Every structure is written in structure tokens, then in C-alpha cells.
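Here's a walk through a two-chain model, meant to be read with the viewer open.

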Amino acid sequence: MPELATAVRELTFGEAIKEAIAEEMRRDPKVVLMGEDVAEAGTTFKVLTGLVDEFGKDRIIDTPISEAGFTGIGVGAAMTGMRPIVDIMFGDFLMIIMDQVANQAAKIHYMSGGKWKVPLVIRATMGATRRSAAQHSQSLHAWPSHIPGLKVVVPSTPYDAKGLFKAAVREDNPVVVFEHKISYRKVKGQVPDEDYVIPLGVADVKRQGRDITLIALSSMVQVALGAAKMLEEVGISAEVVDPRTTWPLDEKTLVESVKKTSRCIVIDEGYFRYGVTGELASIIQEQAFFDLDGPVRRLGAMHVPIPFSPSLEDATVPTERQVFDLARQMVNR
Amino acid sequence: MSTATRKAPSQIPTDTLLRLYRQMVAIRLFEERVNDLYTRALMPGLAHLYIGEEAIAVGVCEALRKDDYITSTHRGHGHCLAKGASPDLMFAELLGKEAGYCKGKGGSMHIADPATGNLGANAIVGGSAGIATGAAYASKYLKQDRVAVCFFGEGALGQGLLYEEFNLAQLWKLPVIFACENNGYNEYTHFSESTAGDVIARAQAFGIATETIDGQNVREVYTVASKFVDRARRGEGPAFLQFKTYRYHGHHVGDIARAYYRPKAEEQEWVTQRDPITLHGQWMMDNGVADRAALDAIQQELIAQMDAAVEFAVNAPYPDPSKVDQDIYA
């Protein structure tokens, strides 16, 4: 943690991301960022406001609305000496660039027998409840996690976001960073004004507990922490563990927590079916089976296209109440 | 054809003329051995032969520096060899051997070699358009003076990514050459059945410099490619070059019964009248650059080299299965 000389400020999640990008761009002139409306507009979420003033339009690069086109440029530039960050405004647009990500970036190192490297960062957003409907609200981090050759970062706090993003920029592999749209302004936290990186593949215990482990990612970490507080009031001690990256995955920390508590709920904002919760639950059951009191349970986004109407959309995302009810039922207290 | 070319004596130096010939023969001999290895079941997977199209890879790559970049295609052996790949390591890769360019992990459709600026052959049609344009972008940003050539067949004209890269390349004045090898057939379909409008007009719509070139005339390919490569290197932007050519064999080695999609007479006409090696050899003899004996000597030397390369690859060991999960991450 920070030394005395280091200023620790409270930043929003979005401010922490911007600080990470700015610091990496100051450190390494080969880092550039390209995407739609990233320069003067500072992205549609205003997360990058001001960066173009410091780094200029040669390094904060506005592109045409051609996600596959500029991601392809990112792949080629990454192979030939640059460290590009490509900005995919909504994670839903990952579908548009999937050939560049999954068939090109992910496989080039392997297909070339380890000769070419692709130090590319793809920053994308995730998260529902912005009333943006089915094509602007999905949490698709399971998709790149499925592809060998990619690394996938899903930060939940400003501190993690800064440290993980900086690590992603310094990676010699393609990394997809999922930033939660609601967290940009809503989630605040202590962030040191210093250069630190958080290695990819190290989970973080966000809250210690004895009775049940809540494994949660991205926005669901706040949900799990809220539920843990409610559980505490009824005498249940919940541990909250955040994997922080879906690949590489810190299986050890997750499994050790569950071995200690003997109960586990996995909570994620991605679609429930064939997703991150299924993968994590199977790992826990394979490695902690004889320490479990009962089946690992899962909470995820409903298996429906994200609806527009607030009353419908709110029903699709796991809530503190759902986590609380399920945990209470499992602990039976 | 040959009458037309004889009218204009070439400004190309003699050693370059001979190298163009030599490189084309090398690719032809390489591919004939691929055909042989494949039909003898020594080569796994698929083999897409470049025979008939040699003048394009050779003429374009002759216009490049060693540190310039190329991206290649599923029909890519010719591009890789023309850019400087070594036949023994190529054959080893094609046979899935540890000694191959990619340790046997890429195979015929994924030859890559940083030492010769080969960013990789690509098995997604049009899939490398972004990579080539990105390399050109990096060259410009890093002030490296390098040019990137994106080779692709006319089948890639059906892919949307290509047009996004046309737009970005011209918008940002990137040193990338889009080299379209139009061999007339998208796999088993004549390109007229898949391509609306005029091919060249597509690139012209973006303001990109274009030219259509006889892809069987290696001197013309080299001369025109040099002009546009130099132009790109000067920072004057990308070019789209359409090379009219023909693949003598099928889409892949197993594509034998082809009469349903192209007539035998058409194949025969290209093979007997428009072969790039025969045409260039004849031109050199007619113009006193080389005699038959000199051309035969080149061929004999290359045959020995290619046979040795095949022998090396056939005898090379396969990778140990324990290496299957290496090189996933850097």
C-alpha cells in the first residue's frame, strides 16, 4: 500500500481508468489510443476528457465508425512496435470485431510458433440498467474468456481498475478490459497517485468472512458487499472474493476461500447460461467438493435479451436482496 | 502478349531480370513438390497451390526492402518465398515439423517470419487487411519508412473489412499496398457471379490510387509495384493494384474435377499461352539477357536446392506433444 509521500485521493472508477491511461502514455510513447469520439469528446461516457489536450490527436485518435477496421489496425500496429489501446464504446460491439480479436489477435502468437507478439489492449464496456436496451447493455466478458490467447480483465474498484489497466498496457499479449458503465461515476475509492500495477491473475478478497463465500466480478462485487452487510445483520459472515481477471484465473484463492467457508455463490452480470458463473462453479466443485456443505449456487443475468423498460430491465440483473435471500437459505440461519 | 512487351525494352537491370526469373522458378518448383508431398499423403491438412500466379509475389516483393512488411493468404507459399523465406523451413512447417517456421503450429496457411517482414499468412479471407494497414500505421507513427503489402485474392472483395481498411488507409495516408490477385475464381465460383460493378472503382471511390496489371508479366508487375511502393514510402498514401492472373490447379490440391466451374480449354490457354515463367524466359532470350543454357542452369540448381529442402523436412522430427500448450501467451 501507499507510502507516506504518496497522495491517496478518492477517485471515481472512470477517473482511475483515465489516470492509468495517462500515466502509461507518459511512460511509453508507443502507447496510443484509438476509437470513436475519444479525442475532444473524451468518449461518449466522458471518461477520457482532457487526454487529447495533453497527448494530441496523433495519440488520442478519433476513428471512423469502423470497429473491425480500427481494431485490425490495432492488431497490426501491436505486432510492429506499438502498444495500441483500442476503444470499443459498448461491449456489445465486440461482436463486430470478433474476427480481429478471436481469430487474429488471440492466435497470432501461437500460430507463428511464438515469433510475433500482439501487445494490444481492447477496452470495452459492460453492464445493464442504463435503459439502453438489448444492443448496448450486455456483459460479454465470457466471450473472450473462452478463447485461448486472450486475457480478460473485469475490475470492480477504482484501485483495481488503475492497477490492472496499467498491467494490461504492459502485457505482451492481447488483453480485453471490461469497464462497467454504471461504475464509471458511481463507484468511488482510494487510489494512490503513484505508479503501481496489479498482476493479471491475482484474485482479491474484498471482505473476510466465515460462513459463505460470495465470488463476484465487476459490478457484482458491490452487490455482494451490500448483501454481505445485510447478512452480517442476521449473524451470517460472508466472504467476498473478486477474481478481477477471468483469464488468467486465480483458482487457488477462490478454492481456498470456499474450503474455509464450505458454501459458495458465484455472482456475475454476464448471461447465466454457458457463462462465467458456470465455469467458476465447476472449478469450485472440482477442487473443493469434499469441503462443500451443498451445491455451489449461481446468480447471473437472466437468459433474455436485455429489455428497455426499467421495470423489465431491473428484473434481469442480480440484486443484493437475491444474494441475501439465497445465502441465508444456504446457511440456514 | 510477347509482341507487345518486346516493343518496350526494359529499364530493369540484368541481375534483377535474372532474379525475377529465378524466384518464379523457385516458387514453381516448391509448389510442384508440395503437390507431390500432398498426393503422397506426407502433408497433412490442405494445400492451396500458387502455380500460375508466381509473377505477382515475385514482382511485388522485388519492389520491397527486407524490412518492409507483407501479409499473405491461404494461397501464400509464393508470397513467403518471394519475401525471403527459406524453402527448407517452409517445407518443414507444411509437414508439421518442429523445425518449421512456426514450430509446426501454423502450417501451410499460417507461415510467418519476422526476419523477412512476413506478418503471416491468414486463413480468413481478407482477414489480414487490418494487420497490414496496422503495420503501415505503425511505420508511419514510428517514422520507420516501411511499406506494408497486403496480398489477397479477389474473393476478399466480398469482405466488408477490406473497405474499412481502404477508408482508414486513405484517410490517414498510410503506406500500404492492397495487392489483389484476381485469378478469376472465388474458390469454385467465377468472380463475375460474386462481384458487382468494377473492381478498381471500389478502391477509387475512396480516392485510392489504382492500377490493373497483367499479373503474368513479371516485369510489368515489378515496374508498377515499384512505382506505387516508392510513392507510399514517400508518404503519398496507399494503392490498390489489381493483378489479372490464373491459378493452374484447383482451389486446393484435392480440387481435381473442375469442369463444372471452369472449362479445360480456358485452363489450357493460360498454361500454354500466358505462363509467367515461359514468357519471361522467352523475353530474356529474345533480348539477349540470357540463353537457354543459362535458364536451364538456374532450373537445375533450384531443383537440387528444393529436393534437399524436401529431404530435410521429411526427415525432421515432429514436435513433442508436450509442446502443445507452449506459445499461447508471450
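You'll find Ser262(A) in the loop between α9 and β13 (264-271) of chain A. Helices here are DSSP runs (H or I, at least four residues), as are strands (E, at least two), numbered from the N terminus. Ser262(A) isn't a glycine, yet has a positive phi of about 70°.

Thr129(A) also has a positive phi without being glycine, near 75°. This residue sits in the loop between β5 (121-126) and α5 of chain A and is partly exposed, with 16 other C-beta atoms within 10 Å. For a cis peptide bond, look at Trp247(A) and Pro248(A), where omega is about -5°. Pro248(A) belongs to the loop between β12 (245-247) and α9 (251-261) of chain A.

## Ground rules

Keep in mind that this is a predicted model: local features need pLDDT of at least 70, side-chain atom pairs count only at pLDDT 80 or more, and totals for chains, interfaces and linings use all residues. Residues are numbered from 1 along each chain as its sequence is written, while chains are lettered from A and ligands numbered from 1 in the order in which they are written.

## Two helices side by side

In chain A, the axes of α3 (residues 67-79) and α4 (residues 94-111) come within 8 Å and cross at roughly 15°. Axes are lines fitted to C-alpha atoms, for helices over the stretch in contact, with angles from 0 to 180 degrees between N-to-C directions. That crossing makes α3(A) roughly parallel to α4(A) (angles under 35 degrees count as such). On the α3(A) side, the contact residues include Ala68(A), Thr71(A) and Val75(A), and among those from α4(A) are Ile97(A), Val101(A) and Ile108(A). Contact means C-beta atoms, placed from the backbone, within 7 Å.

Thr71(A) is worth a click. It is buried, with 33 other C-beta atoms within 10 Å. Leaving out residues up to four places away in sequence, Thr71(A) touches Val86(A), Ile97(A), Gln100(A), Val101(A), Ile122(A) and, from the other chain, Gly130(B).

## Domains of chain A

Across the boundary, 28 residues of domain 1 are in contact with 26 of domain 2. On the domain 1 side, β6(A) gives the most, with three residues.

## Chain B and where it meets chain A

How many residues of chain B are in contact with chain A? There are 34, touching 34 residues of chain A. α6(B) gives the most to chain B's side, with eleven residues. By class, that side has 20 nonpolar, nine polar and five charged residues. Ala, Val, Leu, Ile, Met, Phe, Trp, Tyr, Cys and Pro count as nonpolar, Asp, Glu, Lys and Arg as charged, and the others, Gly among them, as polar.

Elsewhere in chain B, seven of the eight residues of helix α5 (residues 87-94) are buried, so this helix is largely enclosed by the rest of the structure. Its buried residues pack against α2 (14-39), α4 (77-82) and α12 (292-315) of chain B. Just after α5(B), Gly96(B) takes a positive phi of about 80°.

Note on methods
Angles under 35 degrees count as roughly parallel, over 145 as roughly antiparallel, 65 to 115 as roughly perpendicular and the rest as oblique. Two residues are in contact if their C-beta atoms, placed from the backbone, lie within 7 Å. A residue is buried if 20 or more other C-beta atoms lie within 10 Å of its own, exposed if 12 or fewer, and partly exposed in between; C-beta atoms are placed from the backbone.
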